[in-house]
Structure formats: structure tokens, C-alpha cells
Amino acid sequence: MVRIRVLVVDDHRIFAESLAAALAAEPDVDVSAAGSGPAALRCLERAVAEGRRFDVLLVDADLGTVAGAVPAQREPGAGPPQSGSDGIALVAGVRVTHPGVRTVVLAERDDPRRAALALQAGASGWVAKDCSLSRLLAVIRGVLREETHLPPALLTGVLRELTAARKHRTDSERLVESLTPREHEVLRCMVAGLGRKDVAARLFLSPHTVRTHMQNVLGKLGVHSTLAAVALARRAGVRPADLAGDVVERSGQLA
């Protein structure tokens, strides 16, 4: 019998233990539990080292969220948050570090926007926490067959969100393409979190010239702040400057 290794990731201990116990009663399921994103990542790494990789992660959508708090809304197409401490961010991290593991998000409420973000982050499913055990098992086995599972009531809303995100990404790509090669370099440095003086030192330009380039970038992108420019750049797929590996050639003169 081929056994399915499942990791439940939820910071509500009673729920996590109850779900793990219910799944463990299945003859073909081995299950463990973790109470946070970092703990889950440690479990994954330990399992790899021991040659017992997990197959599926069941991740709480509100992992790390204070009870009663409303999760922050993100701009369509902006991608998941970059912290491993919340559910959707954990999904994104696992997709990069453990691409063979399928993730399913467990949610207390239907939310097309967050479900779309979860799919963009790499989730294979979005399931209600109060669904039946048979339904959850069907989803677990389905995602291992490369299926994507969503509640029927969410399909229209999720498709609308994904379409909006695709439009935002297309518009963003068009704006980024209007930049000159030098402005694109400056934008990549901005995405990497560098300030004006650091960009100047990196590109062998004067701070005054960098300021002009940054103003031109904001103007061409149609935004009014560095944060907005960075968000738009990420939607367009602009990579941050590789601060460790990129070699920047001297432009020949300073302004």
C-alpha cells in the first residue's frame, strides 16, 4: 500500500490535533502537525534529511493571524506576502523550497480574493475547515493526481480575481517596457530595497543622476512613491538586482 504523508499546519492546537487524529485513522495516511510556518519548514527539512518526504501540506489560511482580525487585503496581482509566518506566504515558500509537495489551504470562510492569491502562490486547493473528512481525503488524493480543488461557490469569484490579476500584470509589463535600460537597472535596485545613495554607488552614478532616473521611473510607471513602483514592478515580474552576484559595468562618466 502506498502511504500518503500529510503535514497539518495550524496554530490552533486543538484543531490541528483533532484533524491529525482523524486523518491518521485512514490506513494509507501518515500525518504530523506543526503549529507555525517556521515549524512546518523545519518539519519538511527534517523529513527530507530522513528520506521521508511529505506529500501534502494542509495549511491554515489564517496561520499567524490574531483571532478576530481581518487579514490584510493585497492589490490584485501583487503576489503573496514575503513572510513565512502566514498561510499564503508559507504556500509560496514551500513551492520554491519543496516543489514536489502539494499544498491545500484550509479556510474558515469563503474568500475569492484570498483563494486566488493562494492559487497564485502555488496552492493546489482551497477547502473549508468544516468540510467532511471524506471531502478532505478526496481533495488530498486529488491534488496528488495534479488536480486543483476549489468549492464550486468560489469558482466564479476566483476566476474574476485571476483575470483582474492577469490584466494588472499585463498593464504593468507594458509600463515597465517603456523604461530605458538605465531606468530598468534603477528599478531593479529599487525592488532590491536600495536607497538613492546605494543605487548611485552600485551603478557608478551621482546621487543627483539617480534621483532624476527615479523620478523618471515614477513618472513613466504612473505612480507617486517608491513603494508603489516596487509593487508594480513585482507584478510585471521585474527581478530585484542580485546584490551578491550582479556585476555592474562602469557607465564611463559621472553626472
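**Helix packing and ring contacts**

A search of the whole structure turns up zero aromatic pairs. Keep in mind that this is a predicted model.

The rings do have other partners, though. F54 has the charged end of R5 sitting over its ring, 4.2 Å from the centre. F15 has K129 over its face, at 4.6 Å from the ring centre.

Now to the helices, starting with α3 and α4. Helix α3 covers residues 87-97 and helix α4 covers residues 112-121; they pack at an angle of about 15°, and their axes are 8 Å apart. Angles under 35 degrees count as roughly parallel, so that is what α3 and α4 are to each other. The crossing of α3 past α4 is right-handed. On the α3 side, the contact is made by I88, V91, A92 and R95. On the α4 side, R114, L117, A118, Q120 and A121 make the contact. By class, the residues of this contact between α3 and α4 are six nonpolar, one polar and two charged.

The other pair is α8 and α9. Helix α8 runs over residues 196-203 and helix α9 over residues 207-221. How do these two pack? The angle is about 110°, with the axes 9 Å apart. The range from 65 to 115 counts as roughly perpendicular, and α8 and α9 are therefore roughly perpendicular to each other. R196, V199 and A200 of α8 meet P207, V210, R211 and M214 of α9. The contact of α8 with α9 has five nonpolar residues, no polar ones and two charged.

To recap the two pairs: α3 and α4 are roughly parallel, while α8 and α9 are roughly perpendicular.

Key:
Residues are numbered from 1 along each chain as its sequence is written. This is a predicted model: local features need pLDDT of at least 70, side-chain atom pairs count only at pLDDT 80 or more; totals for chains, interfaces and linings use all residues. Side-chain values use heavy atoms; hydrogens and water are left out. Axes are lines fitted to C-alpha atoms, for helices over the stretch in contact, and angles run from 0 to 180 degrees between N-to-C directions. Helices (H or I, at least four residues) and strands (E, at least two) are DSSP runs, numbered from the N terminus. Angles under 35 degrees count as roughly parallel, over 145 as roughly antiparallel, 65 to 115 as roughly perpendicular and the rest as oblique. Contact means heavy atoms within 4.5 Å. Ala, Val, Leu, Ile, Met, Phe, Trp, Tyr, Cys and Pro count as nonpolar, Asp, Glu, Lys and Arg as charged, and the others, Gly among them, as polar. A crossing is left-handed if the near helix is turned anticlockwise from the far one by less than a right angle, and right-handed if clockwise. Rings of Phe, Tyr and Trp (its six-membered ring) pair if their centres lie within 6.5 Å; planes under 30 degrees apart count as stacked, over 60 as edge-to-face and the rest as tilted. A charge sits over a ring if NZ of Lys or CZ of Arg is within 6 Å of the ring centre and within 35 degrees of the ring normal.
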